[in-house]
Amino acid sequence: MKFINSLNYSLKKYGFLMQQLVSRDFKVKYKRSVLGVAWSLLYPVLTMAVMAVIFSNVFKFTTPGVSYLAYLLTGLTYFNYFSEASNLSMSTVVANFSLINKVYIPKYIFPLTKCLFVGINFLLTLIPLYAVILLTGTGLCWQHVFLPYSFICLFMFTLGMGFFLATVAVFLRDMFYIYGIVLTLWTYLTPIMYDISIITNPILQFCLKLNPMYHYINFARTIILYHNTPTGFQFIVCGLSALVVLLVGTVVFKKNQDKFIYYI
C-alpha cells in the first residue's frame, strides 16, 4: 500500500515530465519521415501481407473456419507491442544516465513512458486490425467489450518485463544482444503465424501454453475470430500472469535502483 501511494504521488508530481518524454519519443521516431504517424498504420499491414504470402502459400498454414489474415494480424498486433515496448524499456535507464545524474527523478518513469509511448502506437494499429476484421468478413460482436481487459494485462506484463530488463541491462550490457535472440525465439514459440493445434506433441503443446503471450493473444482471438466470451480460466490466467510479472519486475527494479548510478 505504501508503494502504491508513493507511485500515485509520483505520477501526479511527474506527470508533465512523462508527457514530455512521450512527446520526445514521438518526435524522434518520426523525425524526417515523409509518412510520419501513418507508418503506425502501414507497418502492421505490410508485415501481415508479407507473412501471409509466405506462411499461407509457402508453408501452407491455415486456420479452418476463420480468416487467416485476421488471425495473423491479431497475433502480430499484440506481439509487436510487447516486442517493441520491452526492447525500448530495456535501455531506458542506461540511455537517460545524464538526466538521472543531474536531478532526482523516479527511475521507474523511464520504462513506464516507453510502454505508454508504444501503447499509443498500439492503439493506432487497432485501426488496420479492425479494417482487416471488417474486410475479411470476420465481423464484430458484443464480446469486444472484453478486449480492453487483454490490453491492460498485456501492458502490465510488458511493464513488468521492462522493469526487469532495464535493471539487468544496467549490470549486464550483454543483455542488449541476448534479448534480441530471446525475442526471436519467443516470436516463433508464440502461435502468431500458426495454429497451436498443429503441434501434435502434447508435451510441447503444454510447454507453449506456459507462454503468457499465448494467453493474451488467444484471449483476443477468442473474441475477434470466434465471437465467444473468454472463459473464467482465460480471465484468471491473463490477469494472474500479468500481475505476477509486474510485481516481480517492480520488486527487482525497486531493490536495485539505488545501485544504478555506480554501474552506469
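## Burial and the Chain as a Whole

A residue is called buried when its relative accessible area is under 20%. In this predicted model, buried residues account for 48% of the 264 residues in the protein chain.

The protein chain contains 13 helices and zero strands. Among its contacts between residues at least 6 apart in sequence, 79% link residues that are at least 24 apart.

## Helix H4

Helix H4 covers residues 68–90, a run of 23 residues. From its first C-alpha to its last, H4 reaches 33 Å, close to the 33 Å expected at 1.5 Å a residue. Most of H4 is covered, with 18 of its 23 residues buried.

At the start of H4, Ser 67 makes an approach through its side chain: one of the oxygens there lies within 3.3 Å of the backbone nitrogen of Leu 69.

## The Packing of H4 with H9

Two packed helices are described by the angle between their axes and the distance between the axes. For H4 and helix H9 (residues 175–189), the angle is about 170° and the axes are 11 Å apart. Angles over 145 degrees count as roughly antiparallel, and H4 and H9 are therefore roughly antiparallel to each other.

Which residues of H4 meet H9? On the H4 side they are Phe 79, Phe 82, Ser 83, Ser 86, Asn 87 and Met 90. Their partners in H9 are Met 175, Phe 176, Tyr 179, Leu 183, Trp 186 and Thr 187. By class, this contact of H4 with H9 comprises eight nonpolar residues, four polar residues and no charged residues.

Note on methods: Residues are numbered from 1 along each chain as its sequence is written. This is a predicted model: local features need pLDDT of at least 70, side-chain atom pairs count only at pLDDT 80 or more; totals for chains, interfaces and linings use all residues. Side-chain values use heavy atoms; hydrogens and water are left out. Helices (H or I, at least four residues) and strands (E, at least two) are DSSP runs, numbered from the N terminus. The expected span of a helix is 1.5 Å times one less than its number of residues. Buried means under 20% relative accessible area, exposed over 50%, partly exposed in between (1.4 Å probe, protein chains only). A polar contact is a pair of N or O atoms within 3.5 Å; within protein, one must be able to donate a hydrogen and the other to accept it, and residues adjacent in sequence count only if both atoms are side-chain atoms. Axes are lines fitted to C-alpha atoms, for helices over the stretch in contact, and angles run from 0 to 180 degrees between N-to-C directions. Angles under 35 degrees count as roughly parallel, over 145 as roughly antiparallel, 65 to 115 as roughly perpendicular and the rest as oblique. Contact means heavy atoms within 4.5 Å. Ala, Val, Leu, Ile, Met, Phe, Trp, Tyr, Cys and Pro count as nonpolar, Asp, Glu, Lys and Arg as charged, and the others, Gly among them, as polar.
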